[in-house]
Amino acid sequence: MNMKPKQPYGNTTNVTKILTSRPYWDMEHVLRNRLRTAPQFVDNIELEAELRGHNGCVNCLQWSDNGHILASASDDFHVMLWDPFRHKLLHDLMTPHEGNIFSVKFLPKRGNSLLVTGAGDSKTFVFDINRQNDNPIRQCSCHLQRVKRLATSPRNAHMFWSAAEDGLVLQHDLRQPHACHGQDANVLIDLRSYMSTVPEVKCIAINPQRPEQLAIGANDIYARLYDRRMISPGNPNRRTEVMGDTVSVTNLIDNIPKDGCVQYFCPGHLGSKYQAASQLGEMYQYKAVTYLTFSPDGTELLANMGTEHIYLYDITRSRNPLFLELPKLPGAAEGSKSGADCSGADASVGAEKTKHKFSPDVEQLKKEGNASLEKEQFLQAINKYTQAIQKVNGKDCAILYLNRATALMKRNWYGDVYAAVRDCHTALRLDPHYVKAHFRLARALLKLDKLKEAQICLEELVRRFPSYAKNPGVLMLEKDIGLEMDKARHRSPCSRMQTETYEQKENVGNMLCAYWRTMSIDYEQRYIGHCNTKTDIKEANYLGDSNYIVAGSDDGNFFIWDRHSGIIHSVFQADELIVNCVQPHPYICMLATSGIDHEVRLWSPQSPEKPAVRRTTVVDSIVHDNQTHMQIDPFDSIAPDQAICRAS
């Protein structure tokens, strides 16, 4: 039976109508207790209003603490304050900035009166909007390059932090007088002290539950999490001038804060090989963490990575990158056969049917996943297997993980093969006798150019299951591994010379990367679909009581994912060119977006009877196009009229 969803509040799901129908004095109670974001709200999100007033790209958005005001800042040097519920402009602040404004923040616990801005002119300003004039009450020009992000702590009304492309993070305390010539007194983090390349800090965030934790993203593959209690402003680390190859890597490593001061987070598939640019060409130079944020409960860190995906890290526990860690076989005699699905390539290895029987709904999802895999509809296949895994809660479902690994390897987007390796390990943990999981793991390791690990994995398969020693699939994989090892041993003299020259030139950087890589924590979940290549201010945030993840994209859409499964929930067209900013309201289901267009757009749940005119329905083709663009040199795909916006 087709039934309309039950309306949670009267006869409408439009939160603006609910709010404006009540007096302002009661709004705080309504916001905090009755309009918490829930799945039924997210299901009905549509465009509510466009806020017009800016004359340039809108690079940043920020809600006030109580959610009554939305601040927007632009290339036009203006900060505009909006009433989001009545769609009215409250105040137009003309700043003295001489460069694009990239960040705006309300200082907490100040009655929405104090604003901080940071811009491309390397300056930060503090404004009191209750004053008669719009002159800043404090200014700082200590940064030497563009200020990209500001951060505040909800528990501190006197301090803010600025991150800039000079590699510095400055700590500002409004209770202390400031003189720009005393820059060193404000420096909290100086990446120049232990990076061999020119460092640029792109983003910064403070943990809302543990304000001593500060995270930054820079122009490399690492998200860094610092404990501010272990850093003294003014002398955060000893400065080492990096001059070509003359600097000692030991000196740089010695400068890195120790004793638990900093943690590193990085997807397991990115590391020394990636830095050596042997697989992805020169694309590595464009990778940067463009935005990061903590979960509301302070236990997770969400990072949006340029030319890659969005990654969620659990900061409460360590998870090392996993390539080869075969489980010990339990008491059963080695050589026993394991059930496996026949779908996908190499079905000649372990091709017996599994004896596990799932519930009808799980069996149906598995069947649909297999059908999509046969049709090479890999995104759909992966989603079906993921839904099935969630329904069985990860128990007794090794075959589902292996089937998903097969689909991931065939799709082969950035990080897919590594994700397949992780799925193979999960399948083996659930069923150590799963022959095909051993085989698929060896094949995935080979594809990752982990030749030694692939060989060990295949040899262990034959040792544990001798009856498969002459299996055609095993023999073919053994041959493929041998061929790749021969290539590695017999590279041409020219190739060797080029590699040696490159490695000598990049020796310091590679050694530093190897050091960071050994300490890095792997991701818990990733979110795929958007495209992040054309700007370095693209955001990603939690939405809907942290049940969803939302991010903008180069295709003019913003994406909403299910946080737990990583499956795309919906896609919305929100800009003619690029969506950079996605800022959920702090208490209700309302979302503000902006980008290259001059408008700020508000999104909220609308009545189900209203047609979803702006919802994008062809998700698969959009995602496929985005992943294709992610592997193209971003500078080659920029139209001349977008050149000014690329600078952001």
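Is the crossing of α10 and α12 left-handed or right-handed? It's left-handed, that is, the near helix is turned anticlockwise from the far one by less than a right angle (clockwise would be right-handed). The model is a predicted one, where local features need pLDDT of at least 70, side-chain atom pairs count only at pLDDT 80 or more, and totals for chains, interfaces and linings use all residues. Residues are numbered from 1 along each chain as its sequence is written, and side-chain values use heavy atoms, with hydrogens and water left out.

Helices α10 (residues 435-447) and α12 (residues 472-489) pack at about 20°, their axes 11 Å apart. Helices here are DSSP runs of H or I with at least four residues, strands are E runs of at least two, and both are numbered from the N terminus. Axes are lines fitted to C-alpha atoms, for helices over the stretch in contact, with angles running from 0 to 180 degrees between N-to-C directions. That angle makes α10 roughly parallel to α12 (under 35 degrees; over 145 is roughly antiparallel, 65 to 115 roughly perpendicular and the rest oblique). On the α10 side, Phe-439, Ala-442, Arg-443 and Leu-446 make the contact (heavy atoms within 4.5 Å). Their partners in α12 include Val-474, Leu-477 and Ile-481. By class, this contact has 7 nonpolar, 1 polar and 3 charged residues; Ala, Val, Leu, Ile, Met, Phe, Trp, Tyr, Cys and Pro count as nonpolar, Asp, Glu, Lys and Arg as charged, and the others, Gly among them, as polar.

Helix α10 also packs on α8, with axes that come within 11 Å and cross at roughly 25°. That makes α8 roughly parallel to α10, and the crossing is left-handed. Leu-402, Thr-406 and Met-409 of α8 meet α10 residues including Arg-440 and Arg-443. The class count comes to 4 nonpolar, 1 polar and 4 charged residues.

On to α6 (residues 360-374), whose axis comes within 11 Å of that of α8 (residues 398-411) and crosses it at roughly 20°. Here, too, the crossing is left-handed. Val-362, Lys-366, Asn-370 and Leu-373 are the α6 residues in this contact, and Thr-406 is one of those from α8.

A pocket is an open set of points on a 1 Å grid over the protein atoms alone, where a 1.4 Å probe fits, with protein on both sides within 12 Å along at least five of seven lines; lining residues have an atom within 4 Å of a point. The lining takes in 47 residues, with Gln-62, Pro-208, Thr-293, Pro-296 and Pro-586 nearest the centre.
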